[in-house]
Amino acid sequence: MKILLVINPISGDSDKESLIHSIKQRTSSKIEIFRTTGKDDIKKIENLIATHDFERVLVAGGDGTIKLVAEAMEDQSLPVGILPAGSANGLAYDLELPIEQEAFINVALGDKKKEIDAIKINDQLCLHISDLGLNAELIREYEQGAFRGKFGYALQTIPTLFNTEGPHDFTIHANEKNIHRRGIMLAIANSKKFGTGAMVNASGKIDDGVFELLLFKKLDVFEVLKTLTKDAQLSPEFLEVIPTKKASIQTLKKVDFQIDGEYCKALQHVEAEILPKKISVFVR
Ligand SMILES: Nc1ncnc2c1ncn2[C@@H]1O[C@H](COP(=O)(O)OP(=O)(O)OP(=O)(O)O)[C@@H](O)[C@H]1O
């Protein structure tokens, strides 16, 4: 049997060649390596999967790389071994994968699997968290900036906070109700935590057939600091949580939008629907 290893050469700041070397030392399976280029990767991975007999796919990158592999497997699903090698690795964090290289390779090459949900958002897949507003603004600035990795995000945070375009007006249709809300950000969450580790959706489960809409009403430094603690009880004045399987969101003006850390252009309308147990990932 063969393994497909998808590597994003530019993600994070880890040494991918030493990673490849370690993987080869730990398996006797034949490994086909695909290095992403940032252009037509989904189509190329889709073709590779259709023309080979792979037993699993390993992904070395961040959430954006896992997302594009998931999209390439819409017709033919293989179990995914995550090798956290991005700037933030939100999904790996949420699945409590080990952070040490040797340990996460063992998990990715192991047998224990878990089926996780995905969210279909407009015409894309979201495995981790998507949002409209402040965080998407930050990601837009980061992608245009000169520095990648955690330092790049840190560098963009202050100017983004000062120049933010919010608050925004959201009309949400979910659970057979229409509600109007004003906030700095509306997240669509499959996961409990942001890639930074911030716990914003403590009751969310990645395999329960439900996602959460998280409405952040205002910027509150004290509440933001609480998200860094383990069992953060966030004030309803700061965060409103709406669990649902399907939602339609309309904004008054165009709002910056991101899915799994990938900036998508600003828009006014989002349709989201849960896809229960969409992909299978190796866990410890
Ligand atoms: N060779 C490449 N050159 C430029 N961009 C690439 C390349 N390969 C993949 N990409 C882009 O990298 C993005 C995915 O990066 P990913 O989120 O996995 O890593 P990351 O380190 O978390 O990224 P970021 O630094 O943007 O947060 C996708 O937008 C993809 O198109």
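The UniProt record, an unreviewed entry, lists residues 1-125 for "domain: DAGKc". In this predicted model, the chain over residues 1-125 is 36% helix and 29% strand, and its end C-alpha atoms are 28 Å apart. The domain assignment of the protein gives domain 1 (2-111) and domain 2 (124-281). Both domains give residues to the shell around the ligand, so the ligand lies between them.

**Overall fold**

- The secondary structure of the protein comes to 8 helices and 14 strands.
- A compact globule of 284 residues would have a radius of gyration near 19 Å, and the protein agrees with this because its own value is 19 Å.
- Along its principal axes, the C-alpha trace spans about 55 × 40 × 35 Å.
- Of the 284 residues, 40% count as buried.
- Among contacts with a separation of 6 or more, 73% are accounted for by residues 24 or more positions apart.

**Contact between the domains**

- The C-alpha centres of domain 1 and domain 2 lie 25 Å apart.
- Domain 1 contributes 21 residues to the contact, and domain 2 contributes 22 residues.
- On the side of domain 1 that touches domain 2, at least two residues each are supplied by α3 (63-72), β4 (80-84) and α4 (90-94).
- Helix α3 provides the largest share of this side of domain 1, with 6 residues.
- By class, the residues of the side of domain 1 that touches domain 2 are 9 nonpolar, 7 polar and 5 charged.

**Shell around the ligand**

- The ligand is surrounded by 19 residues, of which the closest are Ser11, Gly38, Gly62, Gly64 and Gly86.
- Helix α3 gives the most to this shell, with 3 residues; α3 also gives the largest share of the side of domain 1 that touches domain 2.
- The shell divides into 13 polar, 3 nonpolar and 3 charged residues.

**Backbone features in loops**

- The peptide bond from Gly166 to Pro167 is cis, with omega near 0°.
- Pro167 is located in the loop between α7 (149-162) and β8 (168-174).
- Glu96 has a phi near 55°, which is a positive value in a residue other than glycine.
- The position of Glu96 is in the loop between α4 and α5 (101-108), and Glu96 counts as exposed because 9 other C-beta atoms lie within 10 Å, where the limit for exposure is 12 or fewer.
- Glu176 likewise has a positive phi in a residue other than glycine, with a value near 60°.
- Glu176 lies in the loop between β8 and β9 (177-183), and Glu176 is exposed, with 7 other C-beta atoms within 10 Å.

**Lys265 in strand β14**

- Lys265 belongs to strand β14, which covers residues 262-282.
- Lys265 counts as exposed because it has 8 C-beta neighbours inside 10 Å.
- Lys265 and Gln144 are 121 residues apart in sequence, and their C-alpha atoms are 13 Å apart in space.

How values were computed: Residues are numbered from 1 along each chain as its sequence is written. This is a predicted model: local features need pLDDT of at least 70, side-chain atom pairs count only at pLDDT 80 or more; totals for chains, interfaces and linings use all residues. Domain bounds come from an automatic or database domain assignment. Two residues are in contact if their C-beta atoms, placed from the backbone, lie within 7 Å. Helices (H or I, at least four residues) and strands (E, at least two) are DSSP runs, numbered from the N terminus. Ala, Val, Leu, Ile, Met, Phe, Trp, Tyr, Cys and Pro count as nonpolar, Asp, Glu, Lys and Arg as charged, and the others, Gly among them, as polar. A residue is near a molecule or strand if its C-beta atom, placed from the backbone, lies within 6 Å of it. UniProt positions are given in the numbering used here, feature names are shortened, and annotations may be inferred rather than shown by experiment. The radius of gyration is taken over C-alpha atoms; the globule rule is 2.2 Å times the number of residues to the power 0.38. A residue is buried if 20 or more other C-beta atoms lie within 10 Å of its own, exposed if 12 or fewer, and partly exposed in between; C-beta atoms are placed from the backbone.
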